[in-house]
Amino acid sequence: MSFPHLHVASAYSTHYGVTLPEALAGQAAADGATFLAVTDRDGLYGAVKHVRACVAAGIRPGLGADLEVHDDDTLAPLGRVVVLAHGGSTEPSSTGQSSAGRGYAALCRAVSSAHETTVARPGHPPSIPRGRLAELAGLNSLTVLLGPASDVGEAVERRDNPGARANLVQWQRIMPPQSLAIEVVCHLAEPGMPGSVAPATRMLALAEYARLPAVLSNAVRYGTADEAVTADLADAARHLTPLAQLQEVTSLQVNGQAWLKPAAAMRQVARMVVDAGQHSDGALARLLRDTHDLAERCALDPVGDIGLGRPRMPEASVIGVTRDPLAELWARARHGIDERYADAGGRGLTAAHDRLAHEMATVESLGFASYFLTVATVADIVRDMGIRIQARGSGVGSVLNYALHTSSVEPIGNGLLWERFLSPERQTLPDIDLDVESARRHDIYRKVFETFGASRVSLMSMTNAYRGRGAVRDAGLALGMPDTQVATIAKQMWRFNARDFRAALAEKPELEELAAEVRESAQLDLLVDLTARLDRLPRHISVHPCGVILSDASLLDRTPVQASGMGLPMSQFDKHDMDPMGLIKLDILGVRMQSAMAHAVEEHHRLTGEHIDLDRVPLDDPATFELIRSIRTLGIFQIESPGQMELVGKLQPEVFNDLTVEISLFRPGPMQNNMPLRYLEARHGEVAPDYIHPRFEPILRETNGVVIFHEQVMRLFDELTGCGLGHADVLRRHLGKPEQLSVIEAYVRENALGRGFDARTIDRVWTVLAGFGSFGFAKAHGAAFALPTYQSAWLKTHHPAAFLAGLLTHDPGMWPKDLLVAEARVLGVPVLGLDVQHSALDYRVESVGAGQGIRMPLPELSGSSDAERARIVRHQPFTSLQDFRDRVHPRRRTFEALARVGALDSFIDHDRTRRHELLAHIQSLRGTAITIADDQLAFEVPLPVLDYEGPRFDTVTSLQLRGRTQSDLELLDTGLAVAGHRMRKYYPLFAELGVTPAAQLATLPGGTDVLLAGVRRATNTPPMRDGRRVVFVSLDDGTGPVANVVFFHDAQERIGGGVFQTELMLVRGRTRRSGARGVSVTGEGMWDLVTVARDRAREQAKALKAARAAALLDTEPAVAEGAAATAAARQPIRRAAGSGTTEFDLWQSA
Amino acid sequence: MPQIIDAPVQVELSADGDPRAFVWDRFEHTVIGQPQAVFTRTRWWENTGTPTRIDTELWRLDAAKGGEDQHRYDLRHDADGTWVLALDWG
């Protein structure tokens, strides 16, 4: 006989349950269960995964939620109950409506209602008013289980029988008939403890007294008994308290029995509970039968009740369509084609219309017309708001999307395929991603909610799972280890999974020190195991960065929602739940590069009045390609990383399609399969392109015979077998599944022979296809990425100041801002320092002489407040320091920081030396704190510092300024060195050591021994063909683009943790040429530059001292000697850099 | 007076998993009535090694040897599967 578990928290009850739904369902089925409910805390977070897991395991799912309840009027808490959804019947009832889905809808609404409390009463956990619960439980929709955590169970626990009965009467009075059951839970705890047999048997007696059904549950938190340890960790994490300090009983589970016990063990528990009290005859059988009966009522039909796999789109009327959506779509699409292909000539136009007809046939057969209209409506909304938008993903392959202006990449000319996006063979819902300006994303969401109505729209959530650092922190917290110790370990937890912590300790050279400590300490050893247990468990949910769910008015009957951080409702389901739930998800992704480009266009317009329409910039501008080929790609979308720079250097793009190819090649799959090298060889004519067979040439010509794109694989399949492109895409997907390969091969061989291909050709092409696997890239993605790549390159080429202002404001790329500032300097765009007279809230372009410069904005000053910055901008310009103080009233900290970085220099005639007195003066100001109005009047009285009579008060030296360069000061207060590069102060040292400037690296032949130095700007560990880790460090010395240093395994072992940790470094290595313009350095040794500089200074001081001492001992000959030594110390001998190269004069220009 | 025994015993389980009898000191003791299991948590983080269980399993039951008076016993079931007669409550 089986046992149905009715109260089970999955791992999606974060910091509570610890077993994933798939494991729970599998375990239940293996024990012979035919039913399993998942009742997560405060939500249906694991619901869809549970239902799918049950379908896969062949058992019936139940769904519920473990919710807190409160009294409607008094708001008094009534404890926690389990709310279970009833299954419905598809047969129409007497009222003519089928009850299918009613219970599930009521459950969704109940969960959403509980979360409304958190909005109404901030800081309060989710809780549902009992009256609302009663309302939803009507029409036989829900059963509420009153268990040990309810007000009834709590009274029973403290042996308050009258109280328990009174509480139960309240429930019976308010809840509809047959919606209540008593939940008996017994964890076989010690007598006298909660979870022991005595309160359980008293609950059973209470049910008998009140004539309510009693059901047995195990209030499950984990699948197996040994996962109880993990649940202890979850408790510690939930309470943010070490296990040793947690209150047993109230905060810590009483023992480890809350596992998904098999039927036999549950019956054992039932016997013990019944035996422990005085119950009527047949109590045991009744308890088990009532449990089974309730499970029967709560078994849900995945399709009928939950609506699994049934897509629902917004009603046509919502998007302003009054006629048949298909007819509407046809009309709009035809019109769009005529407009988009107006310049394409007759043949091009006909081809576009043919393609449209082909696509529309699929849309019609799948019934997706509303979907396309909906997405186009959203795109229109965005454009009407004046926000940049660009479609991405396989939807870009559709001429229909192009015609509707959903996408801006022309698909036919770019060789993109509709079938990669949608075909009758595809089982999943279509997916179109819209990239928009990141800074305006929330405005778009609000507008979409407004347009479609809050009953049809929700944001999507995402489940954040434990990764290394979080896992080690929470495990360390549970063990009560010191924060600093845990933080030190957490810092090293990267680039490997927490599950593999032990293996990583054994393998990674930089972890050797930690590994030694682990061997010594039992506690650390335990920490390693516990960390591994937490890895991958859901940790919390948050709003997905881009997912917006659009549906019809039934949305809130199908998904519970809760408030997201930004206030808009968010579904409790994540992206994996969308397709099964038939929810249409639109990815509206905020892309910072789009914001950066919009900012650049805006700045250009502000300064010149000219408007740049980026979407109409010709795609064949020679200067733009020249810039890209020079690999000065810093800041350009997609191609700015060190690896991309290297590939761009080798590939030397000449036309737009080259960018698509480049972006598609730079992916883990193609890289690991050596595709870039094969492509480059053929591209540069080192080998002849191999098309395998003349019939493949049209397919492979654009990539010189190398298969790169999904679209090419699809075409090859189609050419070989005549299967049609839709089925070809199915075959392509299956290439990634090793078990499918032989089936596909047989299919290909059989059909290809019949279509006139010889066995040898088939052998060869099959080897290519099988090797391709699921790697490669959809060309649609590549082309969609290539467009902003080109647009940003074009801006960098023609409007560098505006472009860099955009980059610095929106920070879209991988590089730190300080490097972008350095890049501006190299490009000849002056970056102007912070100045209260000119600085705005974002980076602005200013005219400087005949050219343009970029002004640092106020928010870069760390520690200043929004209100202060707003006042500065509002009251600019200022006539005097007094005026500034009166109208802005900065806090002391801000005031001093402004003075230090020079933002107040306009008040001291831009005489830097006077900053000491300015700062001293500001520091001497005394006054009481006042609250000021924004429109404070100012008095034009100069502050006394400028009014000194007599000689200048220049004996003041501020310790905050002394010995610090302007760059030092800027770095301290803004993190950005604007006046000069932060490496500049080391240039004399570089000259002395013979360090090669990064800008000169490209002039050296391969194999040259060099010294490099600079500040670390990026660290990468790209995937490598042989699987051994290689560390790329990008060094910036201020002379030009970053120099990339590669540390191979042996060098990493020699250097240890410094490979990842040293910020300013000196590197010895050897140049390695890659392609026409590319050069990198293989690192052999590495030193901390700060230490080198300090040691060097000490040596020189010592030499100087020795020389002076010698001079004192013996005057005559030693004077000359001493002078020579002094000269040597002061003017170090300049060595030639590298071997056999001339010395570099770049350091002198400093 | 409870008496500490602390001796490993052979336990025979019934079809539904409860102890039915145990052999202690060569004599079979037959369990009478419904035995009760008690699981008590351990402070595992204070011990070395990662535990597979966080609690100890103890069965409190009444049993009689032949026709003698029944006694109350505590049987401990260890993680390695062995049974230990912990206490004789008399």
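# Predicted complex of chains A and B

Visitor: How many residues does the contact take from chain A and from chain B?
Guide: Two residues are in contact if their C-beta atoms, placed from the backbone, lie within 7 Å. On that criterion the contact draws on chain A for 26 residues and on chain B for 19 residues.

Visitor: What pLDDT do local features need in this predicted model?
Guide: Residues are numbered from 1 along each chain as its sequence is written, while chains are lettered from A and ligands numbered from 1 in the order in which they are written. The score pLDDT is the predictor's confidence in each residue, from 0 to 100. In this predicted model, totals for chains, interfaces and linings use all residues, side-chain atom pairs count only at pLDDT 80 or more, and local features need pLDDT of at least 70.

Visitor: Which element gives the most to the side of chain A that touches chain B?
Guide: Helices (H or I, at least four residues) and strands (E, at least two) are DSSP runs, numbered from the N terminus. At least two residues of this side come from each of α8 (228-239), α9 (263-275) and α20 (522-534) of chain A. With 7 residues, the element that gives the most is α9(A).

Visitor: How many residues of the side of chain A that touches chain B are nonpolar?
Guide: Ala, Val, Leu, Ile, Met, Phe, Trp, Tyr, Cys and Pro count as nonpolar, Asp, Glu, Lys and Arg as charged, and the others, Gly among them, as polar. Under this division, 4 residues of that side are polar and 7 are charged, and the nonpolar ones number 15.

Visitor: What ipTM does the predictor give the complex?
Guide: For chain B, the pLDDT averages 90, and 100% of the residues score at least 70. For the complex, the predictor gives a pTM of 0.81 and an ipTM of 0.95.

Visitor: What percentage of the residues of chain B count as buried?
Guide: Chain B has 0 helices and 6 strands, and its C-alpha atoms fill a box of roughly 45 × 35 × 20 Å along the principal axes. A residue is buried if 20 or more other C-beta atoms lie within 10 Å of its own, exposed if 12 or fewer, and partly exposed in between, with C-beta atoms placed from the backbone. Of the 90 residues of chain B, the buried share is 27%.

Visitor: Where is the cis peptide bond from A:Q876 to A:P877?
Guide: The omega of this bond is near -10°. A:P877 has its place in the loop between α37 (866-875) and α38 (881-888) of chain A.

Visitor: Which residues of α37(A) are exposed on the face turned away from its buried side?
Guide: The buried residues of α37(A) are A:E868, A:R869, A:R871 and A:I872. Because they cover an arc (that of the directions from the helix axis to the C-beta atoms) of only 160°, they lie on the same side of α37(A). Their cover includes α38 and α39 (892-901) of chain A. The face turned away carries the exposed residues A:D866 and A:R874.

Visitor: How far apart are the end C-alpha atoms of helix α33 (residues 759-772) of chain A?
Guide: The expected span of a helix is 1.5 Å times one less than its number of residues. The 14 residues of α33(A) should therefore span 20 Å, which agrees with the distance between its end C-alpha atoms, 20 Å.

Visitor: Which elements are among those that cover the buried residues of α33(A)?
Guide: In α33(A), the residues A:I762, A:V765, A:L769 and A:F772 are buried. They share one side of α33(A), because their arc around the axis is only 85°. On the other side, A:A759, A:R760, A:D763, A:T767 and A:G771 are exposed. Among the elements covering the buried residues are α30 (710-721) and α32 (741-754) of chain A.

Visitor: Which residue takes a positive phi in the hairpin of β16(A) and β17(A)?
Guide: Two strands pair if DSSP finds at least two bridges between them. Strand β16 (residues 844-848) of chain A runs antiparallel to β17(A), joined by 5 bridges, and A:S847 stands opposite A:Q852 in β17(A). The hairpin has 2 residues between the strands, and the positive phi, near 60°, belongs to A:G849.

Visitor: Which residue of β17(A) stands opposite A:L832?
Guide: Strand β15 (residues 831-832) and strand β17 (residues 851-855), both of chain A, pair in the parallel sense over 2 bridges. Opposite A:L832 stands A:R855.
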